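Student: Could you walk me through this protein chain before I get lost in the viewer?
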Amino acid sequence: MKIKNEKTVYALVLVAAVIVFVLMNTFFAALSEKLSLRLDTTENGLYELSSTTAEVCAGLTEDTDISVIAAESDYPVMFREILDAYGKLSDKLHIRYIDPYTEPVFLEQWQQQGITLEENDILVSGAKGVKQLAYTDLLVYSGENVTGIQAEQRLSSALAYVSSEETKRVVFVTGHNERPSEALMAVFTDANCELDTDSAESLEGAALAVIAAPTRDYTEAETAALSAFLDKGGKLMVFLEPGSGEMTNLTALLSAWNIELTEGVVSDERYCIGGNPLNVMPVYTTHEIDKFFETNQYAMVVPSCRALTVGSTAQDTDTVPLLLSSPVSVRSDTGEEGSFKLALISEKETADGSAAVIAVGSRLVYGDDVMGASAYANRSFFSECVKYLLGADTSLSIAPKSLDAQPLVINAAQTNLFTVLYIIALPLVCFIAGAVVFIKRRKL
């Protein structure tokens with residue numbers, strides 16, 4: 001009889017435990033749903049929104065709609081989760097799904113306003129404007145393969161755009177075999193700039209001009225037009241890779257801003273990426289552009305970069321480095337060892353405002369591969385450059401998120417340290433400890 005009573009007690013305890021477990025699970029699930037306490041356990045934090053996005057959403061003062069042109073059940077779960085997280089950041093933000101087959105009137109209304117919406121598009125509409133995003137805009141491609149997502153970058157930029165009253169024109173200068181990458185141009189579109197391609201003599205109304213690694217020199221008339229543009233408070237970004245040929249006129253323009261080019265390529269055996277000394281891992285400076293990296297410890301990679309120097313032609317300009325190589329790097333043309341300037345900014349006050357030139361001695365620094373890799377800070381660095389030059393709060397430093405495992409960025413010095421630590425030091429400590437224990441036991 002006692003055994004039977006014990007079995008009954010055990011059964012009751014088991015049933016009670018199951019009931020308590022179910023109730024607790026239900027309670028915490030409801031609490032998680034209400035307070036958005038979900039944990040993102042994906043390797044690359046695909047569903048985790050950045051503090052930048054939180055600030056954008058917190059800054060919304062008027063009702064803003066994110067309309068997804070798809071039935072909610074048909075839209076990819078990953079993006080539904082991301083949109084759901086957005087909706088919980090601000091009561092001014094409204095997420096809705098529009099089934100194009102059951103609600104065609106919505107599409108017709110926007111068609112009359114010149115916006116043609118396709119299935120799976122996203123329309124962000126606010127008091128100051130409208131931004132349309134295609135489904136492919138949310139993805140990162142390598143060839144035809146999807147390698148990552150940039151939904152947060154696109155959505156947050158769109159939210160900043162529809163709540164901003166100002167759009168600035170950026171001109172990518174053409175005519176000399178300039179080679180901008182899609183990723184570099186995306187930095188400006190994400191900052192909600194109006195992009196244009198034009199000659200150096202057609203910069204009227206532009207806030208910033210970009211010269212992306214030309215292979216032919218500019219004419220005297222073109223550099224005179226660029227100089228006049230800067231004298232009116234314009235901003236210029238110049239990328240000049242090593243071996244791009246003699247560019248007397250363009251070099252003279254930069255020299256007038258105390259930016260001097262050298263033919264020396266910088267290499268670094270210790271602070272490099274992927275074991276390639278030409279893939280230099282730069283050091284940030286104390287300039288305002290680099291302040292972002294004081295609290296965000298991301299490493300850049302500057303491949304195949306020529307050394308820059310600060311000249312003394314103009315006394316009214318302030319020229320300082322933005323990126324430096326380590327003290328153990330080497331310059332190829334002189335064999336000199338030391339810290340070399342990889343990127344410079346030169347600023348000057350004019351009658352029409354503050355003018356600035358940013359020069360970088362590399363083209364690969366803005367390549368689609370490194371700009372699209374969340375392991376590197378290249379995209380964030382140029383976003384900070386745009387934000388500084390244009391004074392644009394809409395320039396957001398949000399890196400794409402890879403769907404693949406990202407490489408751990410370790411330079412040569414760190415590799416040597418880990419080699420010594422894990423292959424030599426730790427086994428040696430274990431051997432010594434074992435020897436001590438063995439000797440003590442022999443003495444017992």
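This is a predicted model: local features need pLDDT of at least 70, side-chain atom pairs count only at pLDDT 80 or more; totals for chains, interfaces and linings use all residues.

Student: How many helices and strands does the protein chain have?
Tutor: The protein chain has twelve helices and 22 strands, taken as DSSP runs (helices H or I, at least four residues; strands E, at least two) numbered from the N terminus.

Student: And what share of the residues is buried?
Tutor: Of the 444 residues, 43% are buried, meaning under 20% relative accessible area with a 1.4 Å probe and protein chains only, whereas exposed means over 50%.

Student: Which residues of helix α2 are buried?
Tutor: In α2 (residues 51–58) they are Thr 53, Val 56 and Cys 57. They fall within an arc of 95° seen down the helix axis, so they line one face, the arc being that of the directions from the axis to the C-beta atoms.

Student: What is on the face turned away?
Tutor: That face of α2 carries the exposed residues Ser 51, Glu 55 and Ala 58.

Student: Switching to β20, which strands does it pair with?
Tutor: Strand β20 (residues 341–350) is joined antiparallel to β17 (residues 318–324) by six bridges, and β20 also pairs antiparallel with β21 (residues 353–360) over eight bridges, where pairing requires that DSSP finds at least two bridges.

Student: How many residues lie between β20 and β21?
Tutor: There are two residues between them, and the two strands form a hairpin.

Technical notes:
Residues are numbered from 1 along each chain as its sequence is written. Side-chain values use heavy atoms; hydrogens and water are left out.
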